[in-house]
Amino acid sequence: MVSDAIDPLDVVIVGGGPAGATLALALRDSGFDYRVLDARPRGGLGIGDRTLALAHNARLLFERVGVWDKLASVTPITTIDVSQRGAFGITRLDASDAGVPALGYVIRYSELQAALDAALHDAGIAIDFGARVASVAADDAASRIRVVAHAGSRNGDAPAGQVEYSARLVVVADGTGESLREIHRRRIDYHQHALTAIVTSDAMKPGVAYERFTKDGPAALLPFGTNYALIWTATPARVTELLEQDDASFLATLHRHFGDRAGRFTAVTGRHAFPLSLQFAARVTGTRSVVLGNAAQALHPIAGQGFNLGLRDVWTLAETLLDGDRGAIGSATQLAAYERSRRVDRWAGVAMTHSLVRAFANEHPLAALPRGLGLTLLDCVPPLKRAFARAMLNGLR
Ligand SMILES: Cc1cc2nc3c(=O)[nH]c(=O)nc-3n(C[C@H](O)[C@H](O)[C@H](O)COP(=O)(O)OP(=O)(O)OC[C@H]3O[C@@H](n4cnc5c(N)ncnc54)[C@H](O)[C@@H]3O)c2cc1C
């Protein structure tokens with residue numbers, strides 16, 4: 001075993017995905033002694049590529065850490081058209097309802113990751129690639145982080161084998177929370193998969209996103225360049241069938257499923273499937289440890305809230321660390337303050353997403369009536385609509 005650190009570091013961030021890398025950049029001028037450990041190889045992706053709808057607040061955060069203007073394929077969403085198939089009820093949310101230039105922005109996960117990696121490199125932030133954290137154990141003084149490193153990781157000069165770091169705070173942003181056994185996560189399987197793809201329509205309306213609730217589950221089309229990013233949820237068996245269809249059959253099925261709202265679909269590329277579940281940690285702090293991002297809560301993508309919520313974890317943790325003395329890093333008092341400040345927003349995000357999944361997954365014909373009334377009410381009462389748009393954009397703090 002190579003023991004790499006005698007004095008504990010201030011912070012070790014496990015996972016340099018979008019959440020962990022953004023936190024590392026937010027701490028750039030702190031003077032803290034910290035490093036990032038990521039299992040993926042340099043230049044690789046931790047998980048499958050996808051498009052992400054980011055809220056306006058996420059844009060502000062990425063501007064502050066200097067990566068927003070590095071993202072070439074950002075597509076603004078100015079209107080969201082929400083409807084249910086085969087029943088009444090429709091609402092349209094406009095950027096003007098929330099008083100912002102755009103309701104959100106669509107980007108590619110892989111492009112965001114590449115921009116974050118480049119920013120980490122430019123800022124000289126220490127990151128070990130190919131470094132999989134096997135376990136974290138903590139006592140009152142420090143967390144010990146055991147890493148299985150591959151040859152060629154850590155700026156190309158670390159030997160393969162095991163490395164151990166110690167830190168006054170370990171931040172687990174590994175997407176699953178598996179590195180930290182002390183924090184328990186609940187899991188509710190939705191028995192649904194999301195099929196993602198890029199589709200072209202003959203009647204693309206720039207800036208307009210469609211969220212459509214159907215008896216199989218929700219389907220969304222997000223404007224992405226001159227195409228749409230599709231997220232279509234259905235049972236695993238149905239998604240397997242859809243993946244196996246040739247392009248022409250798939251496009252015809254999509255049109256039958258989606259109706260005429262977004263025109264006729266003419267091309268599709270890059271179909272992938274993701275299993276869907278709700279996973280969340282009731283408490284996000286432990287002894288000298290925090291979980292954040294998807295490690296704290298992984299949500300159904302129905303309302304595009306998962307990463308947006310994770311970014312609010314990141315920002316609040318950065319503020320908590322930067323506001324305190326260096327000696328307070330990882331103390332029980334500091335972690336309790338962070339836990340309190342995230343409670344309402346996290347629970348609201350989880351509850352809202354889970355309720356939407358349950359409300360719109362109900363196939364009983366009578367369930368369509370209250371859903372339709374809800375959508376119509378939202379459309380007819382501007383203050384309600386504004387409040388809803390604001391909650392979707394900013395969360396509840
Ligand atoms: C189909 C789909 C669509 C989505 N759409 C949206 C959307 O529109 N809007 C939105 O806000 N969210 C969306 N999400 C959610 C979003 O993808 C996640 O919230 C986001 O990727 C979480 O980022 P993260 O950094 O927490 O975790 P991850 O992206 O999972 O990154 C984790 C990182 O940790 C590293 N790692 C893992 N294990 C270890 C280990 N043991 N040791 C060291 N490193 C490790 C990995 O290599 C990776 O780099 C969607 C999700 C899906 C599945």
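**Notebook: helix packing and an aromatic pair**

I began with helix 2, whose buried residues are His56, Ala58, Leu61 and Phe62. Buried means under 20% relative accessible area, exposed over 50%, and partly exposed in between, with a 1.4 Å probe and protein chains only. Helices (H or I, at least four residues) and strands (E, at least two) are DSSP runs, numbered from the N terminus. Just after helix 2, I found Gly66 with a positive phi of about 80°.

I noted the basis of the model. It is predicted: local features need pLDDT of at least 70, side-chain atom pairs count only at pLDDT 80 or more, and totals for chains, interfaces and linings use all residues. Residues are numbered from 1 along each chain as its sequence is written, and side-chain values use heavy atoms, leaving out hydrogens and water.

**Whole chain**

I looked up the overall make-up. The protein chain has ten helices and 20 strands. Of its 397 residues, 53% count as buried. Among contacts with a separation of 6 or more, 73% come from residues 24 or more positions apart. Contact means heavy atoms within 4.5 Å.

**Helix 2 on helix 7**

I then checked helix 2 (residues 56–64) against helix 7 (residues 306–323): their axes come within 10 Å and cross at roughly 45°. That makes helix 2 oblique to helix 7. Axes are lines fitted to C-alpha atoms, for helices over the stretch in contact, and angles run from 0 to 180 degrees between N-to-C directions. Angles under 35 degrees count as roughly parallel, over 145 as roughly antiparallel, 65 to 115 as roughly perpendicular and the rest as oblique.

The crossing of helix 2 with helix 7 is left-handed. A crossing is left-handed if the near helix is turned anticlockwise from the far one by less than a right angle, and right-handed if clockwise. I listed the contact: Ala58, Leu61, Phe62 and Arg64 of helix 2 meet Phe307, Asn308, Leu311 and Trp315 of helix 7. These residues divide into six nonpolar, one polar and one charged. Ala, Val, Leu, Ile, Met, Phe, Trp, Tyr, Cys and Pro count as nonpolar, Asp, Glu, Lys and Arg as charged, and the others, Gly among them, as polar.

**Helix 1 on helix 7**

Helix 1 also packs on helix 7, at an angle of about 30° and with the axes 9 Å apart. That makes helix 1 roughly parallel to helix 7. Here I found a right-handed crossing. From helix 1, Pro18, Ala19, Thr22, Leu23 and Ala26 meet Phe307, Leu311, Val314, Trp315, Leu317, Ala318 and Leu322 in helix 7.

**Helix 1 on helix 4**

Helix 1 (residues 18–26) and helix 4 (residues 109–122) have axes that come within 10 Å and cross at roughly 30°. The two are therefore roughly parallel to each other. Helix 1 passes helix 4 in a left-handed crossing. Pro18, Ala21, Thr22, Ala24 and Leu25 of helix 1 make the contact with Tyr109, Leu112, Gln113, Leu116, Ala119 and Leu120 of helix 4.

**Around Phe265**

I counted six aromatic pairs in the structure. In one, Phe258 and Phe265 have ring centres 6.3 Å apart and planes at 90°, so the pair is edge-to-face. Rings of Phe, Tyr and Trp (its six-membered ring) pair if their centres lie within 6.5 Å; planes under 30 degrees apart count as stacked, over 60 as edge-to-face and the rest as tilted. Phe258 and Phe265 are both buried.

I also looked at Ala252 in helix 6 (residues 247–258). At 35% relative accessibility, Ala252 counts as partly exposed. Its C-alpha atom is 7.7 Å from that of Phe265, 13 residues apart along the chain.
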